[in-house]
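User: Can you walk me through this one? Start with the fold, then the interface.

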There are 2 protein chains.
Amino acid sequence: MQKRPPDRLNRALAHLAASPGKRLRPRLLQAAASAVGNESGKTLAINAAEAIELIHTYSLIHDDLPAMDDDDLRRGQATLHVAFDEATAILVGDGLQTRAFELIASDEQLSPQQRVDLIVCLTKASGFDGMVGGQGLDIEATEQALTLEQLKNIHALKTGALITAALVMGGIVGQANSAQKITLEAVGDRIGLAFQIIDDVIDVRSDSATLGKTAGKDSAAGKLTYVTLMGLEAAENTATHLYEEALGLIDGWGPEADKLRDLLARMVKRDR
Amino acid sequence: MQKRPPDRLNRALAHLAASPGKRLRPRLLQAAASAVGNESGKTLAINAAEAIELIHTYSLIHDDLPAMDDDDLRRGQATLHVAFDEATAILVGDGLQTRAFELIASDEQLSPQQRVDLIVCLTKASGFDGMVGGQGLDIEATEQALTLEQLKNIHALKTGALITAALVMGGIVGQANSAQKITLEAVGDRIGLAFQIIDDVIDVRSDSATLGKTAGKDSAAGKLTYVTLMGLEAAENTATHLYEEALGLIDGWGPEADKLRDLLARMVKRDR
């Protein structure tokens, strides 16, 4: 049996590798693994970090498809279905999801219990009760007016769940105690929402060249965002408040959490 | 956070549940778990069996999409993108894959080691090195003439790998010894190929009403099949020979393997 993807899928994977994105989720995961006091946390987290990035990447590929958000530009280059074709984009997304769980399940640096805990966390965050469910709500929402609460719920599932999972998965790798895990989850909930609010702010303020993806798309599509619901200034203030809350939650943590603090700051203080 | 998929995804899942298909892979998995001599194998295998069926179901949903095989009929009812829309079909397929790994990872009837072994087996069989890779080759193949060896390779990846995985996963649940696992893999390789050959035979002989999916589609599309490459009679003889080999491999197994023997027979002696 052959041991690598067929030529077309390989070329599509190379296309993706050529513009790797910000790798926020793997960096959060590794920072959380170190932050809970496990010195080798970052090294131990390599497979789990790669896995969460693969889940994020697969979701972008499928979200960009013509039947979904129909986007041509991602990370500064043509989306996969534009550079190749829709069938390739569907298959590559499917295969990346599979590969994510394979990476964790086969990670012999971690105990089998850690591996199943990581997979349970990642599946809950990315499946029907998380990212996929949020995307489903998002599709339904384009047909109706949304309240701020509904918008928050969509974002919590679609984007927030995976960001929270990155932190909690870091905790699992770093063998966090229960209190640390609860804190990481609370940090994730706040910074995930702040991150999405800032995304909306940037979507209004930026242009496609800076962004590496289509700018002003949500507002042009008449889609409700935090900015349209709250106004620009209130949206920015809310994001700052959530960020400060998140930071406060790990106030008592030592210098081993500095990398995590730094990442949280970058998630709200950015222009793309 | 809400704990169930949004309304549209729920309705799509209900649509799928209304016509469950033959459930061949879960039945093979459970039969293999019993066949290796573990009396409670069948009960212990419930989550793993459900998981492999979810992987198979997600692959059908995505394969039926307009960008892939563009099929309107599956298991006697409208395919998901016809009954709903393409976005829903993409998302439901994605979520079913995620759910498969969640089911195994959270199965507390099995040891963490068994769970990671099951996930490694299922990911290898269904990802780039298996089902997804085979589908990728299949797409490329429609553009060029195939040899019999190339066709076998596509089928081994696209269909055979998951059938073999069903048997090996049954072995993992039933705590098979190494020799039993190797035998189950060899049985899977043979019966998987036989199963696909019979599929081609049926595609030529049957009509859509009996089949529950579009009949004569492969030959109408000028797609190479075992029947077009070998002729009808030789294809049937090859399938019978492979089935007899598979049966011979478990000749020394006791009556606890009778259910497995019965399933192997049904895989080649069928008209739909």
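**Fold and interface**

Analyst: In chain A, 70% of the contacts with a separation of 6 or more are between residues 24 or more positions apart. Two residues are in contact if their C-beta atoms, placed from the backbone, lie within 7 Å. This is a predicted model: local features need pLDDT of at least 70, side-chain atom pairs count only at pLDDT 80 or more, and totals for chains, interfaces and linings use all residues. Residues are numbered from 1 along each chain as its sequence is written, and chains are lettered from A and ligands numbered from 1 in the order in which they are written.

User: How many helices and strands in chain A?

Analyst: Chain A has 15 helices and 2 strands. These are DSSP runs, numbered from the N terminus: helices are H or I, at least four residues, and strands are E, at least two.

User: What share of chain A is buried?

Analyst: Of the 272 residues in chain A, 55% are buried. Buried means that 20 or more other C-beta atoms, placed from the backbone, lie within 10 Å of the residue's own.

User: And what does the C-alpha trace of chain A span?

Analyst: About 55 × 45 × 30 Å along its principal axes.

User: At what angle do H8(A) and H1(B) pack?

Analyst: About 110°, with axes 8 Å apart. Axes are lines fitted to C-alpha atoms, for helices over the stretch in contact, and angles run from 0 to 180 degrees between N-to-C directions. So H8(A) is roughly perpendicular (65 to 115 degrees) to H1(B).

User: Which residues meet there?

Analyst: Gly133(A), Gly136(A), Ile139(A) and Glu140(A) meet Asp7(B), Arg8(B) and Leu9(B).

User: What rotation superposes chain B on chain A?

Analyst: 180°, with 0.0 Å of shift along its axis and an RMSD of 0.0 Å. That is the relation of a two-fold axis. The superposition is by least squares on C-alpha atoms of residues with pLDDT of at least 70 in both copies.

Methods: Angles under 35 degrees count as roughly parallel, over 145 as roughly antiparallel, 65 to 115 as roughly perpendicular and the rest as oblique. A residue is buried if 20 or more other C-beta atoms lie within 10 Å of its own, exposed if 12 or fewer, and partly exposed in between; C-beta atoms are placed from the backbone.
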